[in-house]
Amino acid sequence: MVKHQPLQVYERQLCLSCITGIYGCRWKRYQRSHDDTTKWELLWSLVLLFTFCALLAWFYFWLEARNDYSEFNWFLYNRSGEWSDGTVPILATTAAGFTYIAFLMILALCHIALGQQLNLHWLHKIGVTAALLTTVVGVISINQTWQHEWDIIPISLQATGPFLHVGAVAAFTALSWIVAGQVARAEKTSFQVVVMLLYLGALLGIYVVPLYITSPCIMDPSNLKPRPDVIGHQGAPMLAPENTMWSFQRALQMNVTGLEADIAISVDGVPFLMRDPTLRRTTDVEKVFPDRQMEDSSLFNWTDLQQLNAGQWFLKDDPFWTVQALSPHERNLISNQSVCSLEQLLKLASYHNASVVFRLRRPPVGHPCYDSWINDTLQAMQQSRVPQSLVMWTPDEDRAQVRQLAPGLVQTSAEKQSPQSLQEAGISRLLLRYNQASAQEIGDFSQRNISLTLYTVNEPWLYSVLWCSGVSSVSSEAPHVLKKVPYPTWLLTADEYCLMWVCADLISFVVVVGIFILQKYRTSGMRSYNPEQIMLSAAVGRSSRDLNVMKEKLIFSEVGNGSVSGDEPDADNSNEYDYYTNQRVSQ
């Protein structure tokens with residue numbers, strides 16, 4: 001006797017096949033499973049989650065560290081001796097890794113939402129491991145070589161914190177759909193309780209985060225101090241070669257109030273502008289003096305220095321990716337730049353009534369000016385006839401002698417000290433890196449009438465945060481960018497910010513409650529139907545063109561003591577089969 005079973009009819013599930021296929025290489029229906037995920041795969045899911053969080057923080061760090069990319073590249077140059085933009089490969093690999101891990105996270109969440117068993121493919125496990133190890137190595141490297149840059153994270157959160165909170169609330173609200181589905185489908189009460197406690201605890205933590213968010217930009221706009229002055233750090237090095245006359249002229253065109261430079265002293269006692277210990281990076285010394293390219297720049301005389309070209313390297317290396325935007329006239333001016341002397345800079349600043357702050361590098365031991373470097377610098381200032389009130393003097397050596405010879409200089413310290421110590425030393429200005437002064441300390445210096453200049457500030461968000469903090473001036477490599485910031489990027493009163501985050505939390509809470517109720521209703525409704533009825537209803541209600549008929553199952557069995565001919569099917573089963581087939585054909 002031949003027994004016929006109804007045809008098994010399945011809908012095409014291309015989306016589900018892609019999700020399970022890409023995540024775990026389970027492209028076929030029989031490969032998928034609704035069983036509980038194994039402990040081993042749960043462990044890999046936790047590794048994937050940890051890798052995602054680590055890459056998210058790493059990616060955020062490099063996005064905010066954009067303010068200091070030039071500092072990072074200069075640091076790499078001092079170590080390797082070759083100039084290159086080291087941030088490009090780091091950003092490319094970080095973006096690729098984050099995109100890959102984020103994609104796997106989305107697929108994992110889709111598995112959970114659809115009730116599919118998690119089974120990460122071994123190739124993806126290798127990829128996740130590689131991404132995690134690369135991130136860990138990167139973090140360790142930065143911690144050992146560029147440790148102070150970690151301060152960019154808490155500083156940047158003063159600008160991004162309120163908006164990141166809203167984004168986190170939105171993300172956790174969307175996640176409630178998956179959590180509610182898992183709780184509604186779970187059969188174990190203990191599992192439901194654990195999931196609910198974990199989710200609600202995390203959600204509550206996100207809701208109260210604003211209580212710990214502080215930002216100087218949350219203030220009464222009437223208390224906002226005047227816009228900080230901008231000092232051109234090495235001129236405008238993003239638009240012209242650093243420490244050249246054209247660079248300083250471009251900075252003055254951007255309405256800067258001061259100029260900052262690094263000073264070295266030649267072997268014949270002429271102070272000149274040079275940041276690096278050698279001349280290799282910013283001049284053509286390899287071409288003019290190939291045998292002396294590794295010598296300290298202070299060991300050259302002024303005549304030799306004037307023979308060097310200080311602009312062609314900028315067009316060749318394009319350190320800030322800005323050369324393509326330059327006009328032919330600007331490129332011609334840049335290609336003819338030479339090493340600039342301190343006297344030339346002071347005359348330019350005096351003509352435009354701009355202040356000058358410079359860092360003076362003492363010549364190496366054995367240099368003819370090793371003992372007279374302070375006097376040589378003061379002599380160059382006198383020859384330029386610049387008003388002493390425009391010059392901020394930063395060297396701490398022989399400061400008492402400098403006061404006697406040039407009492408009109410603005411005494412400035414480049415080392416962090418207490419306001420009381422600065423006043424006792426007769427210092428009225430302080431020059432620090434932007435991460436060395438908190439908002440509270442900025443206020444303390446302001447109350448003691450000590451002007452504070454922070455460097456290097458290139459990004460509008462950082463400029464806005466320091467503006468709200470009350471900084472009097474900043475030193476920038478991008479005066480053309482800060483020129484376009486006439487007002488802080490955002491400014492909220494305490495009441496406005498409180499209203500913003502409370503509304504976001506309340507809307508989120510209402511949506512979360514609604515999602516849990518909806519998921520409970522959907523799940524209870526699905527449980528009231530027999531699975532076979534659902535299958536048959538789907539088969540009858542759809543056109544055969546939309547269905548994929550797998551194949552008919554035939555079950556052969558013997559009844560009684562004899563064989564039954566296959567030409568005489570059981571009447572009941574035959575009728576059932578005919579009825580089912582006719583129903584499909586009639587559609």
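**Working through the model**

Reply: N243 is buried, with a relative accessible area of 5%. Please bear in mind that this is a predicted model.

Me: Where is the place of N243?

Reply: N243 sits in the loop between β3 (229–233) and α8. Its phi is near 60°, a positive value in a residue other than glycine.

Me: Is N449 buried or exposed?

Reply: N449 counts as exposed, because its relative accessibility is 67% and the cut-off for exposed is over 50%. N449 lies in the loop between α17 (439–447) and β10.

Me: Which peptide bond is cis?

Reply: The bond from Y455 to T456 is cis, and its omega is near -20°. T456 belongs to the loop between β10 (451–455) and α18.

Me: Let us turn to the overall picture. How many helices and strands does the protein chain have?

Reply: The secondary structure of the chain comes to 22 helices and 13 strands. Of its 587 residues, 46% count as buried.

Me: And what share of the contacts comes from residues 24 or more positions apart?

Reply: Among contacts with a separation of 6 or more, residues 24 or more positions apart account for 68%.

Me: On to helix packing. At what angle do α6 and α18 pack?

Reply: Helix α6 (residues 152–185) and helix α18 (residues 460–469) pack at an angle of about 80°, and their axes are 9 Å apart. That makes α6 roughly perpendicular to α18.

Me: Which residues meet there?

Reply: From α6 there are I152, I155, S156, Q158 and A159, which meet W461, L462 and V465 in α18. By class, the residues of this contact of α6 with α18 divide into 6 nonpolar, 2 polar and no charged.

Me: What about α2 and α6, at what angle do they pack?

Reply: Helix α2 (residues 39–64) packs with α6 at an angle of about 105°, with the axes 10 Å apart. α2 is therefore roughly perpendicular to α6. Y60, F61 and E64 of α2 make the contact with I152, I153, S156, L157, T160 and L164 of α6. The contact of α2 with α6 has 6 nonpolar, 2 polar and 1 charged residues.

Me: Still on α6: is A168 buried, exposed or partly exposed?

Reply: A168, which is found in helix α6, counts as partly exposed at 23% relative accessibility. The C-alpha atoms of A168 and L203 are separated by 9.4 Å, and the two residues are 35 residues apart along the chain.

Me: Now α13, please. Which of its residues are buried?

Reply: In helix α13 (residues 342–351), the buried residues are L342, L345, L346, L348 and A349. Seen down the axis of α13, they fall within an arc of 160°, so they line one face of the helix.

Me: Why would residues three or four places apart point the same way?

Reply: An α-helix has 3.6 residues a turn, so residues at that spacing point the same way.

Me: What do the buried residues of α13 pack against?

Reply: Their partners are α8 (245–253), β4 (258–265), β5 (271–273), β6 (355–360), α14 (373–384) and β7 (391–393). α13 is followed by N353, whose phi is positive, near 55°.

Me: How many residues of β6 are buried?

Reply: In β6, 5 of the 6 residues are buried, so this strand is largely enclosed by the rest of the structure. β4 and β6 pair in the parallel sense over 6 bridges, and E260 stands opposite V357 in β6. β6 and β7 also pair in the parallel sense, over 3 bridges; there the bridge partner of V357 in β7 is M392.

Key:
Residues are numbered from 1 along each chain as its sequence is written. This is a predicted model: local features need pLDDT of at least 70, side-chain atom pairs count only at pLDDT 80 or more; totals for chains, interfaces and linings use all residues. Side-chain values use heavy atoms; hydrogens and water are left out. Buried means under 20% relative accessible area, exposed over 50%, partly exposed in between (1.4 Å probe, protein chains only). Helices (H or I, at least four residues) and strands (E, at least two) are DSSP runs, numbered from the N terminus. The arc is that of the directions from the helix axis to the C-beta atoms. Contact means heavy atoms within 4.5 Å. Axes are lines fitted to C-alpha atoms, for helices over the stretch in contact, and angles run from 0 to 180 degrees between N-to-C directions. Angles under 35 degrees count as roughly parallel, over 145 as roughly antiparallel, 65 to 115 as roughly perpendicular and the rest as oblique. Ala, Val, Leu, Ile, Met, Phe, Trp, Tyr, Cys and Pro count as nonpolar, Asp, Glu, Lys and Arg as charged, and the others, Gly among them, as polar. Two strands pair if DSSP finds at least two bridges between them.
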